[in-house]
Amino acid sequence: MTSQIRTRFAPSPTGFLHVGGIRTALFAYLVAKQANGSFILRIEDTDKNREVEGSADHIKECLKTLGIEWDEGLDAGGDFGPYIQSQRLEIYKGWAQKLIDAGRAYADPYAPEEVQAFREEAQTNKQAFLYRNHRPENPPVWDGTMPLRFKSDPKPYEWHDEVMGNLHSGPEVIDDFILIKSDGYPTYNFAHIVDDSEMQVSHVIRGQEFISSQPNYLNLYEALGLEHPVFATMPHILNEEGNKKLGKRDGAKDVLDYVRDGYLPETLLSFIATLGWNDGSEQEIFTKKELIAKFSLDRVQKSGARFDEKRLLWMNGQFIRRLSVEELEKHIEPFWPEAALSADEDYRRRVLVLVQERLKTFADLPVLSSYFFVEPEPDYSLIEGNKQLKKLSSAEIKNLLSNTLQTLETTEWNAQAIQVSLNKLLESTGQKPGILFSLIRIVTTWAPFSPQLNETLELLGQRKTLERLKQAIS
RNA sequence: GGCCCUAUCGUCUAACGGUUAGGACACCAGGUUCUCAUCCUGGCAAUCCGGGUUCGAUUCCCGGUAGGGUCACCA
């Protein structure tokens, strides 16, 4: 008998997937993969009011984009389907009937307003609300039109959590929660336990918001006669201010937005994994392969971590620099400036090589490369704003540029020869590189920054270089 | 308010009783014959507070404080 590791990611289709959700998915994925187990994708669509059209597809796309692939569940099949909760209603009813038969579930006869009144009363008394304080003595037979509640058996619990360690609670947190709503759909509290059991999930990995209902789940597992899986609770990812969990309102972005903004999926993976986890070494950046090999739940931080975009940006630069030209070309495809699209492929590749180490995100490409493809608009503020150049008279500038023009006209056009010529110019004009090179750089690119001068000119080509010099002189 | 969880540089974190409390991001300064970026060097910067336990506490215990979660016919 093998005890296979089976983890799942079970989002509800209520909108986009932000980094917090992705991290939970990633960790569940890593736990499964490193043990040669299965990672399951299940959709928890038991709240039809909150359901957002198309979110399931979107969730799938996010996971695929980041390379978090599921072995079982949506689109992947498996022996424990269906993997969409709304298609499993009969299964939940079956389990619910068992509880009714065992006297562990009963119909909730109150009108919503009545329950609300109980709740407010508790609030007034500054107490936590417990439905079971109002448990009806002779509940009606459940006919499906009323909510079905769990008849709990309050008691203290101690349990282990792979991330949080040993946790405990008193009987006062156990309550008669709803198993099946009056619309016939099960609640998360009921459905996930049934599903995890039926799907033989070995590790339940989820966010911190469920930690306080854990004792209730434990109580239900007992009533159902089920062994509970291993639990692992992930701390929240906090917003930039660090004062609450990351959510849409804090401008939490869709993971795919980061990809659209020029971040590599690999960066996102490494960044998200190291938000609250490290392997104990001083390694800062991990590939997916390394994560699968090195990840462990017991090294996940217990406290929430803030999402630091600066670090993400740095990390993306690191990943971009590791890319081969071919990989870079593939990823950067959608980011080329308009004018580059008609340019020669080989030429574009050479531009890429030149700017690669300057890219923090792919979105930086246009600023970094446009002057290779279109004639730049002269921007004299670049000269006037330069501490050294602004001291020169326009006659002096023209003179320097004329000398440059003359020299470069007879220069063999490769980076090395260009550098030799530039060095000669330094000597003949008696100028410092800070003046001469800056000047040439500016009038040939009209950009605030560019790669090394000789390489820039080489790639720009002799014809364009000379043209731009002439234009600057006239 | 009840219950639960958490607490190391600004940020992400390392140190499972003994370290000058380490690394990374960010920031600052310098270097790489020009800019920007990269890269290199250096700098700034932390154990929430108070009690214990101990020869010795970032580490263990207790109490504060602060932050977070939860108390739905949401997940």
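The legends below describe several close-up views of one predicted model.

Because the model is predicted, local features are given at pLDDT of at least 70 and side-chain atom pairs count only at pLDDT 80 or more, while totals for chains, interfaces and linings use all residues. Residues are numbered from 1 along each chain as its sequence is written, and chains are lettered from A, with ligands numbered from 1, in the order in which they are written.

**View 1**
The centres of domain 1 and domain 2, taken over C-alpha atoms, are separated by 67 Å.

**View 1. The surroundings of alanine 105.**
Alanine 105 is found in strand E4 (residues 105–107) and counts as buried, with 25 C-beta neighbours inside 10 Å. Leaving aside residues up to four places away in sequence, alanine 105 touches Ala96, Leu99, Ile100, Leu148, Arg149, Phe150, Lys151 and Leu179, a contact being a pair of residues whose C-beta atoms, placed from the backbone, lie within 7 Å. The C-alpha atom of aspartate 176, 71 residues away along the chain, is separated from that of alanine 105 by 8.7 Å.

**View 2. The crossing of helices H11 and H12.**
The axes of helix H11 (residues 325–332) and helix H12 (residues 345–355) come within 10 Å and cross at roughly 100°; these axes are lines fitted to C-alpha atoms over the stretch in contact, and angles run from 0 to 180 degrees between N-to-C directions. H11 and H12 are therefore roughly perpendicular to each other, the class for angles of 65 to 115 degrees, whereas those under 35 count as roughly parallel, those over 145 as roughly antiparallel and the rest as oblique. At this contact, Val325, Leu328, Glu329 and Ile332 in H11 meet Arg349, Leu352 and Val353 in H12.

Most residues other than glycine have a negative phi, and most peptide bonds are trans. Asparagine 36, in the loop between H1 and strand E2 (38–41), has a positive phi near 60° and counts as exposed, with 8 C-beta neighbours inside 10 Å. Tryptophan 446, in the loop between helix H17 (433–445) and helix H18 (453–460), also has a positive phi, about 50°, but this residue is buried, with 20 other C-beta atoms within 10 Å. A cis peptide bond, with omega about 0°, joins glycine 81 and proline 82, and proline 82 lies in the loop between strand E3 (72–73) and helix H3 (89–101).

Notes. Helix = DSSP H or I, 4+ residues; strand = E, 2+ residues; numbered from the N terminus. Contact = placed C-beta atoms within 7 Å. Domains from an automatic or database assignment. Buried ≥ 20, exposed ≤ 12 C-beta atoms within 10 Å, placed from the backbone.
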